[in-house]
Amino acid sequence: MLQKLEINFEQVLEENKHKIFRICSIYAVNPLEPQDLFQEVVFQIWKSFDGFKGQSTINTWVYKITINVCLRSKMKLDKTNQKTDRFESIHFTPVDEEIDTFEHENFKYLKACISTLNETDTSLIVLYLDDLSYKDISSITGLSENHIAVKMKRIRKKLLDCIASKMK
Amino acid sequence: MDGIQKAIRIRDIREISASVIGMLLYMYLLFEIPFPMTRFASALSIVWFAFVILKLRKSKTRHITCKLDLSVRGQLADQEAAMRYQAALLDSVAYWYAIPPFIINCIFVLGLGNPAEYNWTNSLAESILPLSMNLKIGTITGLAFFYALIIWLNKRAASRDIKPILEKINIIQDEWEADNESNG
């Protein structure tokens with residue numbers, strides 16, 4: 001039973017590690033690094049893994065934990081600005097995909113503009129950029145789909161204005 | 001948040017341990033000391049220590065949950081409720097942690113009489129207990145300062161450690177709720 005659980009946990013981690021790291025990269029603000037947040041998320045997923053009841057899809061469940069951990073870490077950082085301990089046993093290095101310079105520049109602008117958003121808007125845009133439906137975002141955030149649609153409209157406009165001004 | 005959780009856990013362990021030791025000490029005094037008023041105060045102290053243990057054990061169930069698989073909104077509401085409970089616990093410390101034991105201790109000290117009248121001999125207790133009026137006044141004054149310090153420390157902890165986190169949670173909650181009105 002334990003072995004089965006471990007295999008499942010590894011599968012879940014394998015399938016989701018890129019998106020977890022992507023979200024962590026957006027939330028990580030100096031001195032906290034994406035690797036530190038990634039480790040914390042992985043640890044919390046492992047800790048909560050027994051409690052997964054299958055009420056939502058495993059992907060939605062992973063997103064919930066990732067966003068909650070990122071938000072909590074940010075709160076902790078804001079208060080104490082404390083350093084974190086890094087464990088080499090939980091280490092993930094994303095493989096750099098072939099990205100041309102133009103795309104790289106766009107991504108840089110997008111990331112810079114996302115960093116200007118507040119925590120709530122950041123959470124929503126991160127989920128939106130991961131191609132999640134409003135229904136899934138609603139399940140993760142606890143907001144109604146209509147509410148998310150209104151927020152997304154405003155966030156998209158804010159981001160477009162920001163990116164346009166940076167590209168000029 | 002984790003730092004606060006750890007601090008709350010350590011505080012609870014420390015206070016519960018101190019209460020258990022206090023209960024044992026006052027049980028000994030209850031059976032050893034012959035003065036009726038002091039014995040009554042010892043019995044009240046035991047009841048008060050039991051109350052502190054129960055209250056802190058109850059507060060344990062209100063700690064920040066680690067249910068990270070709740071929705072973000074649910075997680076924030078959970079954290080807010082736990083932080084509000086802790087803030088209220090620290091803010092009200094005068095009413096449940098400082099004033100009752102101060103009154104009980106005053107009764108205890110004022111109830112101490114002349115051991116010779118009760119044919120009571122206990123060299124250790126006699127050397128520790130404030131039996132003269134001057135020592136009684138000194139002890140009560142010292143206790144008043146001690147409990148005032150406890151109230152001040154707890155109020156400072158509430159405003160310095162708990163309230164900033166609560167404010168931060170409320171700001172994020174407001175951000176989540178923003179646009180909801182325009183949504184109708």
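Residues are numbered from 1 along each chain as its sequence is written, and chains are lettered from A, and ligands numbered from 1, in the order in which they are written. In this predicted model, local features need pLDDT of at least 70 and side-chain atom pairs count only at pLDDT 80 or more, while totals for chains, interfaces and linings use all residues.

**Exercise 1.** Describe the secondary structure and overall dimensions of chain B.

Solution. Begin with the elements, which are DSSP runs numbered from the N terminus (helices: H or I, at least four residues; strands: E, at least two). Chain B has six helices and zero strands, in the order α-α-α-α-α-α from the N terminus. Next, consider the extent: the C-alpha trace of chain B spans about 80 × 30 × 25 Å along its principal axes. Then take the radius of gyration, calculated over C-alpha atoms; the globule rule is 2.2 Å times the number of residues to the power 0.38. Chain B has 22 Å, whereas a compact globule of 184 residues would have a value near 16 Å. Finally, 22% of the 184 residues of chain B count as buried (20 or more other C-beta atoms, placed from the backbone, within 10 Å of the residue's own).

**Exercise 2.** Identify the domains of chain A and characterise the side of domain 1 that touches domain 2.

Solution. Domain bounds come from an automatic or database domain assignment; chain A is divided into domain 1 (1-95) and domain 2 (98-168). The contact (C-beta atoms, placed from the backbone, within 7 Å) takes 10 residues from domain 1 of chain A and 11 residues from domain 2 of chain A. On the domain 1 side, the elements giving two or more residues are helix H1 (2-27) and helix H3 (58-80) of chain A. The largest share, six residues, comes from H3(A). By class, this side divides into five nonpolar, two polar and three charged residues.

Note on methods: A residue is buried if 20 or more other C-beta atoms lie within 10 Å of its own, exposed if 12 or fewer, and partly exposed in between; C-beta atoms are placed from the backbone. Two residues are in contact if their C-beta atoms, placed from the backbone, lie within 7 Å. Ala, Val, Leu, Ile, Met, Phe, Trp, Tyr, Cys and Pro count as nonpolar, Asp, Glu, Lys and Arg as charged, and the others, Gly among them, as polar.
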